[in-house]
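Welcome, and thanks for opening the viewer. Please have your selection tool ready, and we will walk from one stop to the next.

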Amino acid sequence: MSDNLLLPEDAVSVSIGGGLDGAEPMVQRRFTLPPELPLLAVKDMSMFPRMVLPMLISDPRHQQLVDQVLNGDKLVGLVALKGDTQPEDVKSLADLGQVGVAALILQMAKSEEGGLRLVAQGLTRFRVSELTQVEPYLKGRVVSVKDILTDDLETKALVNNLRALFRRVLELAPHLPDELNSLVASVDEPGALCDMVASAMNLNPDERQGIVEALEVKERLRLATTLLNREIQVLELGSKIQDQVKEGLDKTQREYYLRQQLKAIKEELGEQESGDSETDGFRQRLKDKKLPEQVRAEAERELGRLEAMHSSSAEYHVITTYLDWILNLPWEEATEDHLDIKQARAILNKDHYDLDKVKRRILEYLAVRKLNPDMKGPILCFVGPPGVGKTSLGRSIARALGRNFQRISLGGVRDEAEIRGHRRTYVGAMPGRIVQSLRRAGSMNPVFMLDEVDKVGADFRGDPSSALLEVLDPEQNFSFSDHYLDLPFDLSKVMFITTANVLDTIPPPLRDRMEIIEIPGYIAEDKLKIAKRYLVPRQRSEHGLSAKQLSISDAAIKLLITGYTREAGLRNLEREIGSLCRWAARAVAEGEKKAVKIGKDDVADILGPQRIVPDTALRTAVPGVATGLAWTPTGGDILFVEASRMPGKGALNLTGQLGEVMKESAQAAVTYLRANANACGLEDRFAKDTDIHVHVPAGAIPKDGPSAGVTLFAALLSLFSGRPVRSDLAMTGEITLRGMVLPVGGIKEKVLAAHRAGIKTVILPAANERDLVEVPDNVKKKMSFKFAQRIDQVADWALEPAKKKAKPKATAKAAPKSGNPKAAKAAKGKKAKASGMPSPERKAARKGKS
């Protein structure tokens, strides 16, 4: 390409060659830019003045434009599209670049794909002043634009710097021909030099358009210098990386060559490398192992990499560990289910007493599995207080099904990698607990017990409960992917059983994927049977005693249940039975006794004084104390509400670590009593100068919830009426300011707690009557229930009857009004005492101040 300058006005003189290969001679021709040009809108403006470039035209509209141009002067205007605009969407100048390049089509040929291949040469820059045609192709009025050149020292310095930088690019970029160096040196015009450098660089469309639109030569030189500096940095970094890779490859190839020589020498000597035997072992195991196609392909690939490595390589041990995990997992090994429903029922009944709801659900699963062998495993969640047998029930289910059992404790797990595993890029990476348990189980259809799912945490390392969403979803877990394996594993055959003490802390999306089965606490009669059938024999066996050497009477076990443990489960009861067994084992081991019989009277000598003494009657014997029922994560429990009053300013004090909801219930009870004092028979006993103090004992334990509203009301009514609450009665329910009693939850646990405490009568909200269906029949037979719709009914049922007024003596009647003052005071005091007024009122009456 020769050095060609723009001529005056719109005339352009260029050297035109017949082709890109230069086979045809160059011809000097002179062109004048016409006032109107057909416009070819392109996404990437790679054409610059004086440059010859090939082009591919696939748009039918552009093909029609080329056909028209070839029949005329062969001139076309190339303009860049703005943003994401497509050629067919151009409607105005706003969709096109400000400056374009006029080009001459030198050659045209049709491609096999149906498009046109062109060879065009850039002529000059132009600006589109107006679009004269949009369909079938673009046409516009154009004006030629000239370079603005300032010939000074700065321009010369920029030109020299640009040439030096471009030479550096040619040294670093092997894909650029060396001829460009001499070509750049022969170009004296600064603007043309910029265009040539830009055409050889790897620029994005916006950067190319910036070069085209830079009419001031100094600005164009600065822009090209900046782009060249960036290109040099990229090329130098790439060259550095290439040198490092080449050095590593050379070293690896040298080591491989030497290893192959060493291998040949050892074969001649009759020796064999340990690595070869290890890879041969993996190859044989892979051949014998039944694997899915995708897993087998990955194992083959990794084994191929292993065979090409030396055993001293760091990655060698990473691959061997990975292959070992793949070959030890039960991809298609499964145990055969025992689908004999009668046998499964016998096993469940033998291992566990009661729990009919859970047993029925397992037998239903077996029945459906028998009819449909391809069904997916259920995901059950056992919810109940500690010690009721949730985990041991999972073992019994596995035994009844004939499956392997694996338990995973999730309490305190905060790292998502505990579930999904670590990626192999980390040092010491391992699969997650799910895959590890599958390897230990040795089958793809075990029973998985995920313990304490309600105690899963979360921190900056991820949320394990979110990872469990995939594990516990039958629609997703058929292709569970552990980060370490990075291969899909089918978990749909696994029977997942989770356990929890409470449901509130389980995230709703995770709770939605599980079938909730509640396991409440046991009553005393059930505990006695469980202790005789399971706990005592197990503890005897663990302490090396036989049935002849140790016997514990039923009365002694009952005393343990009522006097030493008060819990929903059996954990503490078994612990106390273990204490009795240890005492008996010492006596037998020392030879004091050959056989030990422990009766009711011996328990206190062995375990110490009775720890739990029924005090309900004692605590509610005075006015102002009521017995309530509460639900806790460890089962139901009873609580006492104490109320007292004293001279003050009408304040209400609440103590005992009460939550906001419980405080609001106390305020609602006081408000109702103040508003309905006459209806409750309290008259003016709510004086403005009387303070009320409500306390719930066990102050170290936080308490909250609306179900204590009825109990708070009963305690306050008892305080002001002077009538004690019945000692054999407990209550629960939420109250409103209008006197309604609203339903609450945990009825079964609360009723069982009342039964354990010796309560005979329970007041419940009327809407909770349907919840008694879940209470065992033998408990309901021993207790009576009253269902309240309004607070007034609670007052009638809960308080002891008012004492009858004592008849006044004759001397008091005969006493004149203005007679003996001592007799008048005595009569007034007796009247106050007979009315049931509390002691402060009686004292005031005696003093004549009432």
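For this tour, two residues are in contact when they have heavy atoms within 4.5 Å. One thing to keep in mind as you look around: this is a predicted model.

**Stop 1: Arg420 and its surroundings**

Start by selecting Arg420, which lies in helix H13 (residues 417-420). Which residues does Arg420 touch, not counting residues up to four places away in sequence? Show Gly432, Ala467, Glu470, Phe480, Ser481, Asp482, His483 and Tyr484, and you have them.

Is Arg420 buried or exposed? The cut-off for buried is under 20% relative accessible area, and Arg420 has 14%, so the residue counts as buried.

Arg420 and Glu416 form a salt bridge, with 3.2 Å between the closest N and O atoms. Glu416 is partly exposed, at a relative accessible area of 26%.

Next, select Glu298, Arg301, Glu302, Arg305, Glu315 and Arg424 together: salt bridges that share partners join these residues into one network.

**Stop 2: Arg369 and Asp337**

Move on to Arg369, and bring up Asp337 with it. The two form a salt bridge whose closest N and O atoms are 3.0 Å apart. Colour helix H11 (residues 356-371) to see where Arg369 lies, then the loop between helix H9 (314-328) and helix H10 (341-351), where Asp337 is found; the pair therefore ties together parts that are 32 residues apart in sequence. Both Arg369 and Asp337 are buried.

**Stop 3: inside helix H2**

Now select helix H2 (residues 153-172) and pick out Arg168 and Glu171, which lie three residues apart, about one turn of the helix. Their side chains meet in a salt bridge, 3.2 Å from N to O.

**Stop 4: the cysteines**

For the last stop, select Cys381 and then Cys581. Cys381 is buried, with 0% relative accessibility, and Cys581 is buried as well, with a relative accessible area of 0%. How many disulfides does a search of the whole structure find? The search returns zero.

Key. Residues are numbered from 1 along each chain as its sequence is written. This is a predicted model: local features need pLDDT of at least 70, side-chain atom pairs count only at pLDDT 80 or more; totals for chains, interfaces and linings use all residues. Side-chain values use heavy atoms; hydrogens and water are left out. A salt bridge is a side-chain nitrogen of Lys or Arg within 4 Å of a carboxyl oxygen of Asp or Glu. Helices (H or I, at least four residues) and strands (E, at least two) are DSSP runs, numbered from the N terminus. Buried means under 20% relative accessible area, exposed over 50%, partly exposed in between (1.4 Å probe, protein chains only). A disulfide is a pair of cysteine sulfur atoms within 2.5 Å.
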